[in-house]
Amino acid sequence: MCKIYFLFTLFFIEKNVNLCYIKFGDDMKKGYTLVEVISVIALLSIIGLIVIPIINKSISNSQEKAYESQVELIIEASHKWAIDNTNLLPVDNSIYKLSLSNLINGNYIQNTKNGKLKDPRDSSKTMNGCVYITYSDEYNQYIYEYNEVC
């Protein structure tokens, strides 16, 4: 727009030079100052320090809940195994250790990858535990407990 003013006449040049500088000055003020950028970065850092631990806690809580539900499914599969294999269940206070591989090979647990169960808390690890089956005289029933170590 300033070039148009310069092309018309020399008379308008002296009067409109100040307008051209004002225009250019307004165009140059499109960026942010260093203080503004640093303050925005600091604000985002503070928000990140508050939000990231909350997100990590909710992720770990959901992984723990997924692990607990997977253990419940393993115990349910152990109940089904026990119905089919009553002759192997302990009668006295002894403990029968039922491994996950027995449950997987017997098709009591399905949808496993390569015959292994992944640990929901750490996807790089597999679950290698077993279910301890004991008979309780007090309650007159079998008790099923999952242990991570056989």
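In what order do the three strands of the open sheet lie? In this predicted model, the order is β1-β4-β5, and the pairing is antiparallel. β1 and β5 form the edges, each pairing on one side only. On average, neighbouring strands of the sheet are turned by 25 degrees against each other, direction ignored.

The antiparallel strands β1 and β4 are joined by five bridges. Tyr96 stands opposite Ile133 of β4. Helix α3 packs on this sheet and touches β1, β4 and β5. The direction of α3 makes about 140 degrees with that of β5.

Helix α3 covers residues 34-84, 51 residues in total. From first C-alpha to last, α3 reaches 74 Å, close to the 75 Å expected at 1.5 Å a residue. The buried residues of α3 are Tyr67, Gln70, Val71, Ile74, Ala77, Ser78, Trp81 and Ala82. An α-helix has 3.6 residues a turn, so residues three or four places apart point the same way. The packing partners of the buried α3 residues include the strands β1 (95-99), β4 (130-136) and β5 (141-147). Also among them are α4 (100-105), β2 (117-119) and β3 (122-127).

Pro120 lies in the loop between β2 and β3. Its relative accessible area is 23%, so Pro120 counts as partly exposed rather than buried, a class that requires under 20%. Pro120 touches Gln63, Ala66, Tyr67, Gln70 and Met127, leaving aside residues up to four places away in sequence. Two of these contacts, Tyr67 and Gln70, are among the buried residues of α3. Pro120 and Ser69 are 51 residues apart along the chain, and their C-alpha atoms are separated by 9.9 Å.

Terms used
Residues numbered from 1 in each chain as written. Predicted model: local features only at pLDDT ≥ 70, side-chain atom pairs only at ≥ 80, totals over all residues. Heavy atoms only, no water. Helix = DSSP H or I, 4+ residues; strand = E, 2+ residues; numbered from the N terminus. Expected span 1.5 Å × (residues − 1). Buried < 20%, exposed > 50% of the residue type's maximum accessible area, 1.4 Å probe, protein only. Contact = heavy atoms within 4.5 Å. Pairing = 2+ DSSP bridges. Axes fitted to C-alpha atoms, helices over the stretch in contact; angles between N-to-C directions.
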